Amino acid sequence: MKPSTAYRRLNSLLWMNRLPTALVMFVENEYIPRLRGITLYDDLFVVPVILLNHEKHWGKTLVHECLHVAEPALRHGEIFNTIVDRYWKIAKEELKGWNIQ
């Protein structure tokens, strides 16, 4: 499954389609070697841009990046990680057979 399709499905499942349309794509690992993904979304961007390292296990990273779009003021930390873990658990249960890991 393409990450853009997974974004749309996660948006529907977890955020009731409240997230804006986004550009979501894989990049080669050497472009962001210390990160699994990054979200670019501020006054300079018309839509969020989510870049994911091209690796086998990218589903939870996409949920993480979606949360940045949904809650831009929420910083990394225990609350952020708890939400990501819970949403990822929901996604894995509801979206079996999606071929995202």
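## Helix packing, salt bridges and surface

At 59% relative accessibility, Met16 counts as exposed. Here, exposed means over 50% relative accessible area, buried under 20%, and partly exposed in between (1.4 Å probe, protein chains only). This is a predicted model, in which local features need pLDDT of at least 70, side-chain atom pairs count only at pLDDT 80 or more, and totals for chains, interfaces and linings use all residues. Residues are numbered from 1 along each chain as its sequence is written, and side-chain values use heavy atoms, with hydrogens and water left out.

Met16 sits in the loop between α1 and β1. Helices (H or I, at least four residues) and strands (E, at least two) are DSSP runs, numbered from the N terminus. Phi of Met16 is positive, near 50°, and the residue is not a glycine. Asn17 is found in the loop between α1 and β1 as well. Asn17 also is not a glycine, yet its phi is positive at about 60°. With 52% relative accessibility, Asn17 counts as exposed.

**Helix packing**

How do α1 and α2 pack? Helix α1 covers residues 3-15 and helix α2 residues 59-70; their axes lie 11 Å apart at an angle of about 60°. Axes are lines fitted to C-alpha atoms, for helices over the stretch in contact, and angles run from 0 to 180 degrees between N-to-C directions. The two helices, α1 and α2, are therefore oblique to each other. Angles under 35 degrees count as roughly parallel, over 145 as roughly antiparallel, 65 to 115 as roughly perpendicular and the rest as oblique.

Helix α2 also meets α3. Their axes come within 9 Å and cross at roughly 125°. That makes α2 oblique to α3. The crossing of α2 and α3 is right-handed, and the crossing of α1 and α2 is right-handed. A crossing is right-handed if the near helix is turned clockwise from the far one by less than a right angle, and left-handed if anticlockwise.

**Salt bridges**

Side chains of opposite charge can pair when their charged atoms come close. A salt bridge is a side-chain nitrogen of Lys or Arg within 4 Å of a carboxyl oxygen of Asp or Glu. The count comes to 2 salt bridges.

| Pair | Closest N and O atoms |
|---|---|
| Glu55 and Arg36 | 3.4 Å |
| Lys60 and Asp85 | 2.7 Å |

Glu55 forms a salt bridge with Arg36. Glu55 lies in the loop between β3 (49-53) and α2, and Arg36 in the loop between β1 and β2 (37-40), so the pair ties together parts 19 residues apart in sequence. Glu55 is partly exposed at 26% relative accessibility, whereas Arg36 is exposed at 52%.

Lys60 forms a salt bridge with Asp85. This pair links distant parts of the chain: Lys60 is in helix α2 and Asp85 in helix α3 (residues 78-94), 25 residues apart. Lys60 is partly exposed, with a relative accessible area of 36%. Asp85 is partly exposed at 40%.

**Surface**

Which residues form a nonpolar patch on the surface? Leu23, Met25, Val46 and Val47 do, with about 360 Å² of accessible area together. Patches are made of residues with over 30% relative accessible area and no salt bridge: like charges are joined within 9 Å, nonpolar side chains (Val, Leu, Ile, Met, Phe, Trp, Tyr) within 5 Å. Accessible areas come from the Shrake-Rupley method with a 1.4 Å probe; for residues, only the protein chains shown count as cover. Met25 belongs to strand β1 (residues 23-27). Met25 is partly exposed at 35% relative accessibility.
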